[in-house]
Amino acid sequence: MATEPPSLNTLLATDSESFFVLSHVMEGLAQYGANNELVPAIASRWEIDESGATFWLRPDARWSDGEPVTAEQFVYAWRQAVDPKTGAPYASILYPVKNARAINTGKLPSEQLGVKALDRHTLQVSFEQPCPYFLGLTAFATYYPLRADVVERYGARFAAEADTMVYTGPFKLEQWVHGSSMRLVRNPEYWDVSSVALKKINIPFMTTSAAAVLNLYKDGAIAYANLDAETLREAVVEGYPVRRFRNGTIFFIEFNFREARATRNADLRKAMQLVFDSATLVNKVIAVPGNRPLYSLFPSTVRGVDGPFYREYPAKPLAQDLVLARKHLERARLAMGGQVPPLTFLVSETPVSVIIGEYLQNLFKQSLGLDIRLDKQIFKQRIARMQSGDFDMVLAGWGPDFDDAITYGDLFASWNENNRGRYQNARYDHWVEVARQSSDQTERMNAMAQLQRIMQEDIGILPLFEGASVYLQHPELRGVRRAIFGGDPNYKHARLEKAE
Amino acid sequence: MPLMRYISGRLVSGVFTIWFIATATFFVMHWVPGDPLSDEKAVSPEIRKNLEARYGLDKSLGTQYWIYITSMARGDFGISYTQKNRSVNDIIAMHFPVSAMLGALAVLFATVGGILWGAVAARYRNRWPDGAIMFAVILTVSVPSFVFAALSQHLIIKLNQLLGFSLLPVAGWGGFRNMLVPALVLGLGTMAYLTRLMRASTLEVAGSEYIKTARAKGLSSLQIFRHHEFRNAVLPLITVLGPAIAAITTGGFVVELIFTIPGLGRYFVAAVQQLDYTVIMGTTVFYGAFLVLMVLLVDIIYGLVDPRIRLQGKGAGVRA
């Protein structure tokens, strides 16, 4: 693990370390199965329609202290999540539930939230507006149940130590030495405990140094190691079988559409699109296995109607055309009064970002004669500049929150805070609303295809590549599920098998 | 009671120093672009408002400063922004002892090694042991500690593979075995510095009149070294030891990162990157206080060890 999980309070967690631990020790109404599909968890069945949803909880679902999991505990957790006093960063993921937004903005009391315990094991949810992807949301940590008695007993200390929280998942936290190690053990009270093979998971080290992680793997101290570009090279040289996993992250250049920005000019963006080749970037520049060229705002992991979205609705491939690019550039130059001003390209200071930044700087200089200034910033300062719009182009990325194409699609809606370039197109907003509300999957995916097409024509973003993680896994360790959503990796069905 | 008056005077000026550090850090930190609540994924303005209210960031900077200074005076550094369930006091109380233990061992390595190598180099001045030691010193001073850390990790792996069992752990925290190599790596730079200092001061002492006298009285060179040169040559080292202890204890974050040691240094650096206001303030003030105390302690010890130096009671300084 890279760092200590910042918060195991399901209402406050926002980061991958916390989600990793939580996905092992907690479980919500639904969860992700072996192929990242949604399967029953605490809820054994459900009915979802346009106005709301009903979940029937397993009578045998219990907390790690033996108490039953009840519908009332979900109601409590969800009300807490939208209560403005809680200050939950992910409160907005509950906004599909009736009145959630009004409560979160202090306009209604939290008792008005559209969720009710019909009896001990039946949970009824009413929607603000139709939400066809609601089931995927219930697997998210903010939707997990909470025990009022435990939360109130420990107050600020809740979920700060292994013994100040209770668990509904396949494992429970036995030991937590802050900044140093964690130990998860099988939870005997878990309803599906018979399918959990591992008795114990040790997380003995916490460091952000990939070199240290690889060294620990070599020494046999850990069974699983994530690699970065440098340690990957070393692992390949040492002859380890490197595994890869496409994790649904996308990387792209976001253009700034704010007033007086040169990048508002469509011809300028078109010229850049026409000289850029994603395949070259992926294969020759980044050259990390698993990454994939990207021509859309949807990665290959997104589900369509029956199969993968990218097969059902393939994005138009883009051909390079230097002559045409220069024509567009000429038009841009004229529109700007004879000269394209130098452009600021905001990137982070990590090695990969700098390599990509320098490659593009060079590409646009050589083929189009554009002057691009790389603005390398560390994490918080980069975010600050993205928020204030202090850039012409920014190297950005996105990882999905839940299993639906809308987690990418609504990114560039005019009202989305994560639309850092302030791209705006009324037709785009229209199709986002269709995709959000329609209950017909084909109609929704047609809308997503519209979003894909509009974005490619408008060049609000220039897709760069689809990311993957590369890692090493001990040959005797099997059944580890790499997860696109929620905590990753997942050891629920992991087991040890002696290699032949 | 000149000593007590001296100490209390220094403590008062120490408190002022710490207040100054806290104030400067507070305003510089807020002046840096970005804030602790921003993240890769932006939140809506209404959620941001709730978050700001939760952390008191909706108040004016002056009010925030006043709240901060008054609770700091009560010894409460607040709750971390990134480690959402932990108070800064908890973080310091839990992770500083780790850094301190590692630091103490590193200082021990550095001092013993520095004195030993420095004395040897001076004794064999301009002969091959001197040359070898000074070469090693220059190498150690110029190569950053993370290189040595990575190098030693590779050596441990090779050693363990050769032996077929794990003699030394590659990384991690627990027993004495875990501390050995990291402490050595952490102490190397200071050891090199002390070696140079020890060599120079031994040579200086060796040229003084009383050594000539001792030699004229017919004492053996080993006797001269043990009774006259060594004791006088060590004194200047004590001066630099105070800041060195503070530097080693607070500056171990790279070593902590590579050897996965849960020391305070990692939290400090991470806090700066994450703009975790409360942790930045807490650790800076704590480290500041630690440095002030260490320097004071060394000055007192110095006065006790060297009779030429008398402490003055006006809190003005330590000159004789």
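Let's start with chain B: how many helices and how many strands does its secondary structure come to?

Reply: Chain B has 12 helices and 0 strands; helices (H or I, at least four residues) and strands (E, at least two) are DSSP runs, numbered from the N terminus. This is a predicted model, in which local features need pLDDT of at least 70 and side-chain atom pairs count only at pLDDT 80 or more, while totals for chains, interfaces and linings use all residues. Residues are numbered from 1 along each chain as its sequence is written, and chains are lettered from A and ligands numbered from 1 in the order in which they are written.

The C-alpha trace of chain B spans about 85 × 65 × 30 Å along its principal axes. Of the 320 residues in chain B, 38% are buried; that term asks for 20 or more other C-beta atoms within 10 Å of the residue's own, with 12 or fewer called exposed, anything in between partly exposed, and C-beta atoms placed from the backbone. Counting contacts in chain B between residues at least 6 apart in sequence, 74% join residues at least 24 apart. Two residues are in contact if their C-beta atoms, placed from the backbone, lie within 7 Å.

Chain B divides into domain 1 (1-81 + 275-320) and domain 2 (100-274), with bounds from an automatic or database domain assignment. Their C-alpha centres lie 30 Å apart. Between them, 17 residues of domain 1 of chain B touch 15 residues of domain 2 of chain B.

Now for a helix pair. In chain B, helix 4 (residues 88-123) packs against helix 11 (residues 264-274) at an angle of about 125 degrees, with axes 7 Å apart. The axes are lines fitted to C-alpha atoms, for helices over the stretch in contact, and angles run from 0 to 180 degrees between N-to-C directions. Helix 4 and helix 11 of chain B are therefore oblique to each other; angles under 35 degrees count as roughly parallel, over 145 as roughly antiparallel, 65 to 115 as roughly perpendicular and the rest as oblique. Helix 4 of chain B brings Ile91(B), Ile92(B), His95(B), Phe96(B) and Ser99(B) to the contact, and helix 11 of chain B brings Leu264(B), Gly265(B) and Tyr267(B). By class, this helix contact has 5 nonpolar, 3 polar and no charged residues.

Next, the partner chain. The contact between the chains takes 42 residues from chain A and 38 residues from chain B. Helix 6 (210-218) and helix 13 (379-388) of chain A each supply at least two residues of chain A's side. Helix 13 of chain A gives the most to that side, with 6 residues. The side of chain A that touches chain B has 19 nonpolar, 17 polar and 6 charged residues.

Chain A is also divided in two: domain 1 (1-223 + 474-500) and domain 2 (247-468). The C-alpha centres of these two domains of chain A lie 32 Å apart.

How values were computed: Nonpolar A, V, L, I, M, F, W, Y, C, P; charged D, E, K, R; others polar.
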